[in-house]
Structures are given as structure tokens and as C-alpha cells.
Amino acid sequence: MKIKVLYFASLANRLGVREDEMELPLKSCVGDALDRLAEHHPELGAARDTLAFAVNLAYVNPDEVLADGDELALIPPVSGG
């Protein structure tokens with residue numbers, strides 16, 4: 001299956017990319033996608049525990065199963081005043 005990955009805020013700046021497409025085996029979950037993404041973006045490994053995840057605009061846990069065509073957003077913590 002193929003999914004679209006969106007990177008937001010400081011994570012996009014750190015990785016130098018705002019979106020990716022990736023192929024995963026059927027029944028892969030968000031955590032599986034993160035494992036695969038960390039192979040290509042080692043910086044992602046350090047940030048992984050601080051990220052929020054959304055699939056098709058709904059917040060999810062890392063064990064959420066993905067489907068073909070899903071959009072996975074990786075959202076770092078935001079601070080400001």
C-alpha cells in the first residue's frame with residue numbers, strides 16, 4: 001500500500017522535507033511507518049517520542065493500522081507565547 005507522509009513545523013525544517021510518499025506492507029501501523037522513515041531520516045529517531053500523529057486529520061496512537069491512500073502527519077510539540 002502507498003501512504004503520504006506530512007512533516008510539520010520544526011520537524012520539516014530539521015528534515016529538509018515537508019512531505020514524502022512511501023510504500024508499506026498491508027496492515028502496517030503508524031509505528032511501522034515511523035520505523036521505516038527513521039531508516040531514511042535518522043533525525044526522526046530522536047524526535048519520535050515527542051511527536052503527535054494524525055491519520056487523515058484525526059489524531060491516532062502509534063498502533064493505528066494504516067490503509068492504502070492514508071495521509072500520515074507527524075506533528076512535533078509546539079511552544080510559543
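Reader: Let's start with one residue. Does Lys 27 count as buried or exposed, and how do I read that?

Author: Happy to begin there, and do keep in mind that this is a predicted model. The idea is to take the relative accessible area and compare it with two cut-offs: under 20% is buried, and over 50% is exposed. Lys 27 has 72% relative accessibility, so Lys 27 counts as exposed. Lys 27 sits in the loop between E2 and H2.

Reader: What is the phi of Lys 27?

Author: Lys 27 has a positive phi, near 70°, without being a glycine. Leu 57 is also not a glycine, and its phi is positive at about 75°. Leu 57 lies in the loop between E3 and E4, and with 80% relative accessibility Leu 57 counts as exposed.

Reader: What do E3 and E4 form together?

Author: They form a hairpin, with two residues between the strands. In that turn, Asn 56 has a positive phi of about 50°. E3 and E4 run antiparallel and are joined by three bridges.

Reader: Which residue of E5 stands opposite Phe 53?

Author: That is Leu 74. Strand E3, residues 52–55, pairs with strand E5, residues 71–75, in the antiparallel sense over four bridges. When you read a strand, remember that in a regular one the side chains alternate between the two faces of the sheet.

Reader: Which residues does Phe 53 contact, beyond its neighbours in sequence?

Author: Leaving aside those within four places in sequence, the contacts of Phe 53 include Val 30, Leu 34, Tyr 59, Pro 62, Leu 72 and Leu 74. Arg 48 is also one of the residues in contact with Phe 53.

Reader: Which residues have the most contacts inside the largest nonpolar core?

Author: First the general idea: in soluble globular proteins, nonpolar side chains tend to be buried together. In this model the largest nonpolar core has 21 residues, and those with the most contacts inside it are Ile 3, Tyr 7, Val 30, Phe 53, Leu 66, Leu 72 and Leu 74. At least two residues of this core come from each of strand E1 (2–7), helix H1 (9–15), H2, E3 and E5. H2 gives the largest share, four residues.

Reader: Which residues of H2 are buried, and why can I say that they line one face?

Author: The buried ones are Val 30, Gly 31, Ala 33, Leu 34 and Leu 37. Look down the axis of H2: these buried residues fall within an arc of 150°, so they line one face of the helix. Among the elements that cover the buried residues of H2 are E1, strand E2 (19–23), H3, E3, E4 and E5.

Reader: Now a loop residue. Where is His 41, and is it buried or exposed?

Author: His 41 lies in the loop between helix H2 (30–40) and helix H3 (42–47). The relative accessibility of His 41 is 14%, so His 41 counts as buried. Its side chain makes a polar contact with the side chain of Asp 20, at 3.3 Å. Outside the four places on either side in sequence, His 41 is in contact with Tyr 7, Leu 15, Val 17 and Asp 20.

Reader: Which residues does Val 65 contact?

Author: This takes us back to Lys 27. Apart from neighbours within four places in sequence, Val 65 is in contact with Lys 27, Ser 28 and Cys 29. Val 65 and Lys 27 are 38 residues apart along the chain, with their C-alpha atoms separated by 5.9 Å. Val 65 belongs to the loop between E4 and E5 and has a relative accessible area of 48%, so Val 65 is partly exposed.

Reader: Stepping back, in what order do the elements run?

Author: From the N terminus on, the order is β-α-β-α-α-β-β-β, made of three helices and five strands. Among contacts between residues at least 6 apart in sequence, 51% join residues at least 24 apart.

Reader: What radius of gyration does the chain have?

Author: The chain has 12 Å, and a compact globule of 81 residues would have a value near 12 Å, so the two agree. The C-alpha trace spans about 40 × 25 × 20 Å along its principal axes. Of the 81 residues, 40% count as buried.

Notes: Residues are numbered from 1 along each chain as its sequence is written. Side-chain values use heavy atoms; hydrogens and water are left out. Two strands pair if DSSP finds at least two bridges between them. Buried means under 20% relative accessible area, exposed over 50%, partly exposed in between (1.4 Å probe, protein chains only). Contact means heavy atoms within 4.5 Å. A polar contact is a pair of N or O atoms within 3.5 Å; within protein, one must be able to donate a hydrogen and the other to accept it, and residues adjacent in sequence count only if both atoms are side-chain atoms. A nonpolar core is a set of buried Ala, Val, Leu, Ile, Met, Phe, Trp, Tyr and Cys residues joined through side-chain atoms within 4.5 Å. The arc is that of the directions from the helix axis to the C-beta atoms. The radius of gyration is taken over C-alpha atoms; the globule rule is 2.2 Å times the number of residues to the power 0.38.
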